[in-house]
Each structure stands twice: as structure tokens, then as C-alpha cells.
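Please view the structure alongside the text.

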Amino acid sequence: RYWQLFQNGTAAETGAGSIELEPGDSIALYYSAYGDELPAEDPGQGSVAINVIGRDAAGDPQDWGTVDIPINDSSATLDVINAALDELGLAHEFEAAPDDDSMHRIFSITAPGGEPLVSGAVDDNTWLVDGDAWYFAVDGEGADVWIEYLSLNPGSTLTMYYGAFNKVPE
């Protein structure tokens with residue numbers, strides 16, 4: 001086994017000093033046996049698509065955008081959601097759970113050029129929400145959990161929508 005140099009996924013046949021690089025080329029060093037191929041992308045890395053569905057002035061569902069956010073095994077879901085909302089240019093505010101400041105939900109997201117859509121109040125005893133709120137669906141399945149409990153995997157789609165639990169707008 002030794003350190004092999006790969007250019008654009010193929011083992012180099014010459015030393016590093018003899019390789020001519022072009023814009024966009026990729027270079028990788030991989031400790032392996034002669035003849036081994038460069039492994040595919042780490043399965044613990046990739047991206048998640050995040051879609052935000054708010055409401056228009058008439059109160060009807062409105063797609064506010066979708067963005068792909070890179071993730072890896074150590075990505076914190078709160079950070080991923082924050083990055084997506086920032087990239088979409090949506091002002092937002094998180095709120096800690098009653099009696100547990102390590103758990104969060106989306107308190108508000110402001111519509112592009114509009115008013116903030118604010119989640120209903122959380123009952124301190126039951127943690128249930130009164131009225132419409134920001135909810136999540138992962139790969140189309142409603143998720144009645146705090147942000148930190150959402151499980152995001154490379155290739156997943158997270159939909160954040162304003163409305164009633166498990167009523168994901170089409």
C-alpha cells in the first residue's frame with residue numbers, strides 16, 4: 001500500500017511534477033494498494049434539498065424556494081436549516097422549547113417583501129401548538145418533532161411549511 005495520486009478519478013501514471021492540470025480538474029491522494037480505484041464519495045456526505053412553503057397575501061400556500069445544502073455526518077440540523085433560510089434570503093427566528101433551551105422550532109419566517117408568519121404559542125405543559133405554525137416533512141412524511149430530532153440524510157428533501165401539522169401543501 002502507498003499514497004496514490006488520482007486526477008479526475010483516475011490513478012496518475014506519472015509523478016505529481018509531471019501532471020498538467022486544467023481548470024476544473026480534481027486531484028485526490030488515496031492510501032491504497034496498486035490497482036485500487038478511488039472510492040466513491042463518502043456516503044456520509046452529500047446534500048439535502050430544503051423547500052420552504054409559506055403563504056401569499058391571500059393566505060394560500062406559496063413556494064418560497066428550494067436550495068441544496070451540503071451536509072455530512074456531523075451536520076447539526078439547526079445549522080443546516082439556518083443556512084438554507086439565509087441562502088434563500090428569508091429572515092427568520094428560532095425559539096427554544098419550554099424548559100429545554102437545547103431544542104428549537106421555527107418561530108417565524110418573513111415572506112419575501114411581506115410580513116412574518118409566526119408560529120402559534122406552545123403550551124408549556126403539553127408542548128402542543130395553538131393555531132398554525134411552521135412544520136416539517138422529511139421526504140414527504142410529516143415530522144412532529146423539534147428541529148434537533150429531524151433526521152436528514154444525503155439526498156433527503158426537507159419541506160418546511162406553514163399551516164397545520166401533517167397538512168403538507170401540494
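## Helix across the sheet

In this predicted model, helix α1 lies across β4, β5, β9 and β11. Relative to β5, α1 runs at about 125 degrees. The helix spans residues 77-87.

Five residues of α1 are buried: T77, V80, I81, A84 and L85. Seen down the axis of α1, they fall within an arc of 130 degrees, so they line one face of the helix. An α-helix has 3.6 residues a turn, so residues three or four places apart point the same way.

The buried residues of α1 pack against β4 (46-55), β5 (61-71), β6 (92-97), β7 (100-110), β9 (133-138) and β11 (157-163). The face turned away from the buried side carries D79 and E87, which are exposed. Just after α1 comes G89, with a positive phi of about 70 degrees.

## The open sheet

Five strands make up an open sheet. Their order is β5-β4-β11-β9-β10, and the pairing is mixed. At the edges are β5 and β10 (141-143), each pairing on one side only. On average, neighbouring strands of this sheet are turned by 25 degrees against each other, direction ignored.

Strands of a sheet pair through backbone hydrogen bonds, either parallel or antiparallel. Here β9 and β10 run antiparallel and are joined by three bridges. V138 stands opposite E141 in β10.

Which residues does A137 contact, leaving aside its neighbours within four places in sequence? They are G142, A143, T157, L158, T159, Y161 and V168. L38 is 99 residues from A137 along the chain. The C-alpha atoms of these two residues are separated by 35 Å.

## Confidence

The chain averages a pLDDT of 84. Of its residues, 92% score at least 70. Confidence is highest in helix α1, at a mean of 93. Strand β3 (residues 27-32) is where confidence is lowest, at a mean of 80.

How values were computed. Residues numbered from 1 in each chain as written. Predicted model: local features only at pLDDT ≥ 70, side-chain atom pairs only at ≥ 80, totals over all residues. Heavy atoms only, no water. pLDDT = per-residue confidence, 0-100. Helix = DSSP H or I, 4+ residues; strand = E, 2+ residues; numbered from the N terminus. Buried < 20%, exposed > 50% of the residue type's maximum accessible area, 1.4 Å probe, protein only. Arc of directions from axis to C-beta. Contact = heavy atoms within 4.5 Å. Pairing = 2+ DSSP bridges. Axes fitted to C-alpha atoms, helices over the stretch in contact; angles between N-to-C directions.
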